Amino acid sequence: ANLTAFVVGQCELNAENLDQLKKFPKLERVGLRAAKPTAELVSRLKQEHSGMKFLFLRDFGMQTAPDESAQAALSALPIEELVLSHNSFGVRDRKVCRAIAAMPNLRSLTIAVESLEDMSAAELGLCPKLEFLDLHFTS
């Protein structure tokens, strides 16, 4: 199981799929659909793939915006690159942007979203190691 990258935009971040990903402990690049991100799922992803450096989340918070515990779990991810693609409605929330900005190793951030308030964008700018910020507005 030498696989280092698994990116499937239609594979939902859920317990069943995380069980399958455990078969690939060397994953550095992970991409999943995260319409209902929870603290438990994000924490499991971190724990089971501690070498993960890149995370691609499609439809982030589209069905259920991340609550405070999910935001805290997101902040604790040690990844260097985060891509939030397509209908990432969860990013509209200023608290979610604050959680993203608190990621300790984040150097590259790409977000595709319909709109983003100035205050939310300002939160992203507070990320201490951020070198690259790419905002795609889809409307």
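Helices here are DSSP runs of H or I with at least four residues, strands are DSSP runs of E with at least two, and both are numbered from the N terminus. By that count, the protein chain has five helices and six strands.

Before you click around, note that this is a predicted model, where local features need pLDDT of at least 70, side-chain atom pairs count only at pLDDT 80 or more, and totals for chains, interfaces and linings use all residues. Residues are numbered from 1 along each chain as its sequence is written, and side-chain values use heavy atoms, with hydrogens and water left out.

**Stop 1: the whole chain**

Show the cartoon and follow the chain from the N terminus: the elements run β-α-β-α-β-α-β-α-β-α-β. The C-alpha trace spans about 45 × 30 × 25 Å along its principal axes. A compact globule with 139 residues would have a radius of gyration near 14 Å, and the protein chain agrees, at 14 Å. (That radius is taken over C-alpha atoms, and the globule rule is 2.2 Å times the number of residues to the power 0.38.)

The accessible surface comes to about 6,900 Å², and 50% of it belongs to carbon and sulfur atoms; areas come from the Shrake-Rupley method with a 1.4 Å probe, and for residues only the protein chains shown count as cover. Of the 139 residues, 44% count as buried, meaning under 20% relative accessible area, with exposed being over 50% and partly exposed in between (1.4 Å probe, protein chains only).

**Stop 2**

You're left with six strands in an open sheet, in the order 1-2-3-4-5-6, with parallel pairing. Two strands pair if DSSP finds at least two bridges between them. Select 5-12 and 132-137 to see the edges: strand 1 and strand 6 each pair on one side only.

**Stop 3: strands 3 and 4**

Select 54-58, which is strand 3; it pairs with strand 4 in the parallel sense over five bridges. Show leucine 57 and you'll find it opposite leucine 84 in strand 4. To get from strand 3 to strand 4 the chain goes through helix 3, and this β-α-β crossover is right-handed. (Point the strands away from you: right-handed means that the path from the first strand over the helix to the second runs clockwise.)

Now select 81-85. Strand 4 is largely enclosed by the rest of the structure, because four of its five residues are buried.

**Stop 4: strand 5**

Move on to 108-113, and start with the neighbours. Four bridges join strand 4 to strand 5, and the two run parallel. Pick out two pairs here: glutamate 81 stands opposite serine 108, and leucine 82 stands opposite leucine 109.

How many of the six residues of strand 5 are buried? Six of the six, so this strand is largely enclosed by the rest of the structure.

Follow the chain out of strand 5 through helix 5 (residues 118-124) to strand 6, another stretch whose β-α-β crossover is right-handed. Six bridges join strand 5 to strand 6, running parallel. Alanine 112 has histidine 136 as its bridge partner there.

**Stop 5: helices 2 and 3**

Bring the helices back and select 68-75, helix 3. Its buried residues are Ala70, Gln71, Ala73, Leu74 and Ser75, and they pack against helix 2 (39-48) and helix 4 (94-101). Contact means heavy atoms within 4.5 Å.

Zoom in on serine 75, which counts as buried because its relative accessibility is 16%. Leaving aside residues up to four places away in sequence, serine 75 touches Ala99, Ala102, Met103 and Pro104.

Finish on helix 2. Show Ala39, Leu41, Val42, Arg44 and Leu45, its buried residues. What do the buried residues of helix 2 pack against? Look for helix 1 (15-21), strand 2 (29-33), strand 3 and helix 3.
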